[in-house]
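Colleague: I am new to this structure and would like to understand how its labels are reached. Could we go through them one at a time?

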Amino acid sequence: MKTLLIKLLLVMVATTWTMNVMAKLPELTPEEILKKQADAEKKAASEEAAKAALAKAQDSVNQRYRATHKNAPPPVAVIAPAAPATLSAPAAKQ
């Protein structure tokens, strides 16, 4: 029981300290904001390139498979998922 209370006390102290440290973080400067945006754009471009490379590799494997396996079942059409619906505020009544 005593060790449980000590552990609980330690968790509470650590949580309080973490919350205090996080509350004191300075605001981002405009340069830091621009750098984060540039990094996000680079990451998005990298992910798009990776997706394109994966699709190219899959097409290559598919072509080789179809060339060597004449009795392979026909390819199945893949339907792209619909874009997620965005939530918007209801129109104001006049």
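Colleague: What makes Asp-39 partly exposed?

Modeller: This is a predicted model, in which local features need pLDDT of at least 70 and side-chain atom pairs count only at pLDDT 80 or more, while totals for chains, interfaces and linings use all residues. Residues are numbered from 1 along each chain as its sequence is written, and side-chain values use heavy atoms, with hydrogens and water left out. Buried means under 20% relative accessible area, exposed means over 50%, and partly exposed is in between, with a 1.4 Å probe and protein chains only. Asp-39 has a relative accessible area of 35%, so Asp-39 is called partly exposed.

Colleague: How do you know that the side chains of Asp-39 and Lys-35 meet in a salt bridge?

Modeller: A salt bridge is a side-chain nitrogen of Lys or Arg within 4 Å of a carboxyl oxygen of Asp or Glu. For Asp-39 and Lys-35 the N to O value is 3.3 Å, and therefore the pair meets the definition. Side chains of opposite charge can pair when their charged atoms come close. Both residues lie in helix H2 (residues 30-68), 4 residues apart, which is about one turn of the helix; helices are DSSP runs of H or I with at least four residues, strands are runs of E with at least two, and both are numbered from the N terminus.

Colleague: Why is Lys-35 called exposed?

Modeller: Its relative accessibility is 53%, and because exposed means over 50%, Lys-35 counts as exposed.

Colleague: What makes Glu-48 and Lys-51 a salt bridge?

Modeller: The N to O value for Glu-48 and Lys-51 is 3.9 Å, so this pair also falls within the limit. Glu-48 and Lys-51 both lie in helix H2, 3 residues apart. Glu-48, with a relative accessible area of 49%, is partly exposed, whereas Lys-51, at 54%, is exposed. The structure holds 2 salt bridges.

Colleague: Where does Met-1 lie, and why is Met-1 called exposed?

Modeller: Met-1 lies in the segment before helix H1 (2-23), and its relative accessibility of 74% is the reason Met-1 counts as exposed.

Colleague: How many helices and strands does the protein chain have, and what share of its residues count as buried?

Modeller: The secondary structure comes to 2 helices and 0 strands, and of the 94 residues of the protein chain, 1% count as buried.
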